[in-house]
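Let us walk through this protein step by step. Keep the model in view as you read.

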Amino acid sequence: MSFKIDRGLFKYDFIDHHAILCVPVDADVKEIRKRYLQIARRLHPDSNLTESAAQKQLGNELLSKLVNPAYEKLFGDRTRPEYIIILSQIGKRLVQESTSVTLNTDLARQLADAPAPNLDHFYKSAIAKLAQTQYDSLEQALQVIGQVSELNLVYLMRSAGKSSTAPPPAQPKVQSDTPQPNTAKNTPLASASAPAPPKEDSVIEQYVRRAQSLIDKNQFAQAKVELQDALKLEPKNSRCHSLIAMVYLKQNQLKMAKIHFDNALKLDPNDEPALQWKPKIDKVLGQQHSDHKVTSSPNNKDKQPDKSGSGGLFGGLFGGKKK
């Protein structure tokens with residue numbers, strides 16, 4: 001399927017990632033993440049057991065080619081600020097070119113005519129309403145994205161005009177939704193001047209990549225959240241179970257690590273991290289159980305297990321003499 005959108009901001013050689021996720025242009029990262037998870041659950045092939053193979057394929061393509069790149073751009077600490085600056089520049093450009101702007105949808109025309117005090121409310125209400133059904137019909141998803149992008153265009157133009165000292169811009173042209181010859185340049189999403197989407201990955205691979213990056217930075221709590229979200233989408237992914245087990249292991253939560261290593265081996269008996277670490281965890285947990293029996297015995301109330309050299313549970317697994 002060709003992902004070509006020629007409405008709204010897409011007409012200006014720009015990939016409107018906010019429209020793809022159907023969030024306002026001033027959405028914060030929490031709102032962006034929440035919306036992304038909603039869409040990912042809708043489009044992920046394993047979440048649509050009653051749909052045809054063609055529908056699953058289309059959903060996966062929308063997810064990998066549009067939704068995942070949009071989330072990466074808007075959620076990234078480095079990519080998001082640059083993108084917001086570009087949006088602001090586009091808004092100023094639209095003010096200068098307002099007489100040549102063409103609107104195709106009733107919602108966009110209503111937003112263009114909305115009283116200034118009601119602008120934010122009308123815009124965000126319209127976005128929220130469209131988000132409820134944006135990906136219900138996968139064949140119509142691109143049209144909805146174009147409709148959202150028109151709202152973004154009008155909102156940016158009016159917001160920039162409101163903050164400018166220049167005279168109010170002229171109202172944009174109105175174009176009916178009735179099919180007519182389109183003289184505007186159609187901009188294929190893949191050839192837009194904005195940075196090209198990253199290499200196509202499945203949604204689970206996106207989670208795993210982010211989680212691995214967080215683990216490398218010792219940000220285990222955030223990595224665990226990424227992997228828990230991934231397992232909600234794909235509970236039988238051995239890689240996710242193995243990786244979250246490593247996170248629990250780093251946090252010294254051995255019982256949880258054991259559970260996920262067990263799950264990883266059930267799904268993939270050759271999983272290397274599970275094969276390496278599960279026997280060591282079993283040994284430590286067995287030692288714990290043995291020590292507990294000794295200290296709880298009536299005849300050994302004053303005896304304590306010898307912990308010399310163990311470095312605690314975490315030290316028992318990762319410690320030892322440095323070479």
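This is a predicted model: local features need pLDDT of at least 70, side-chain atom pairs count only at pLDDT 80 or more; totals for chains, interfaces and linings use all residues.

Now look below the surface. Of the 323 residues in the chain, 44% are buried. The secondary structure consists of 13 helices and two strands. How do the contacts span the sequence? Take the contacts with a separation of 6 or more: 73% of them join residues 24 or more positions apart.

Next, look at how helices meet. Two packed helices are described by the angle between their axes and the distance between the axes. Start with α2 and α3. Their axes come within 10 Å and cross at roughly 170°. An angle over 145 degrees counts as roughly antiparallel, so α2 is roughly antiparallel to α3. Which residues make this contact? On the α2 side they are V29, I32, R33, Y36, I39, A40 and L43. On the α3 side they include L62, L63, V67, Y71 and F75.

Now follow α3 to its meeting with helix α4, which covers residues 79-96. The axes of α3 and α4 come within 6 Å and cross at roughly 95°. That angle falls in the range from 65 to 115 degrees, so α3 is roughly perpendicular to α4. Here E72, K73 and L74 in α3 meet T79, R80 and Y83 in α4.

Turn to the aromatic rings. How many aromatic pairs does the whole structure hold? A search finds five. One of them is formed by Y36 and Y71. Their ring centres are 4.0 Å apart, with 10° between the planes. Planes under 30 degrees apart count as stacked, and this pair is stacked. Y36 lies in helix α2 (residues 29-43) and Y71 in helix α3 (residues 53-75), so the pair ties together parts that are 35 residues apart in sequence. Are these two tyrosines buried or exposed? Both Y36 and Y71 are buried.

Y36 has another ring partner, Y207. The centres of these two rings are 6.5 Å apart and the planes are at 55°, so the pair is tilted. This pair links distant parts of the chain. Y36 is in helix α2, while Y207 is in helix α8 (residues 203-216), 171 residues apart. Y207 is buried, as is Y36.

The charged end of R210 sits over the ring of Y207, 5.0 Å from its centre. Elsewhere, K280 lies over the face of W277, at 4.5 Å from the ring centre.

Two more residues deserve a stop. Where is H44? It sits in the loop between α2 and α3. The relative accessibility of H44 is 6%. Buried means under 20%, so H44 counts as buried. Setting aside neighbours within four places in sequence, H44 is in contact with L63, V203, I204, L233 and E234.

Finally, find R209 in helix α8. R209 has a relative accessible area of 38%. That lies between the 20% limit for buried and the 50% limit for exposed, so R209 is partly exposed. The C-alpha atoms of R209 and E226 are separated by 9.5 Å, and the two residues are 17 residues apart along the chain.

Definitions and conventions. Residues are numbered from 1 along each chain as its sequence is written. Side-chain values use heavy atoms; hydrogens and water are left out. Rings of Phe, Tyr and Trp (its six-membered ring) pair if their centres lie within 6.5 Å; planes under 30 degrees apart count as stacked, over 60 as edge-to-face and the rest as tilted. Helices (H or I, at least four residues) and strands (E, at least two) are DSSP runs, numbered from the N terminus. Buried means under 20% relative accessible area, exposed over 50%, partly exposed in between (1.4 Å probe, protein chains only). A charge sits over a ring if NZ of Lys or CZ of Arg is within 6 Å of the ring centre and within 35 degrees of the ring normal. Contact means heavy atoms within 4.5 Å. Axes are lines fitted to C-alpha atoms, for helices over the stretch in contact, and angles run from 0 to 180 degrees between N-to-C directions. Angles under 35 degrees count as roughly parallel, over 145 as roughly antiparallel, 65 to 115 as roughly perpendicular and the rest as oblique.
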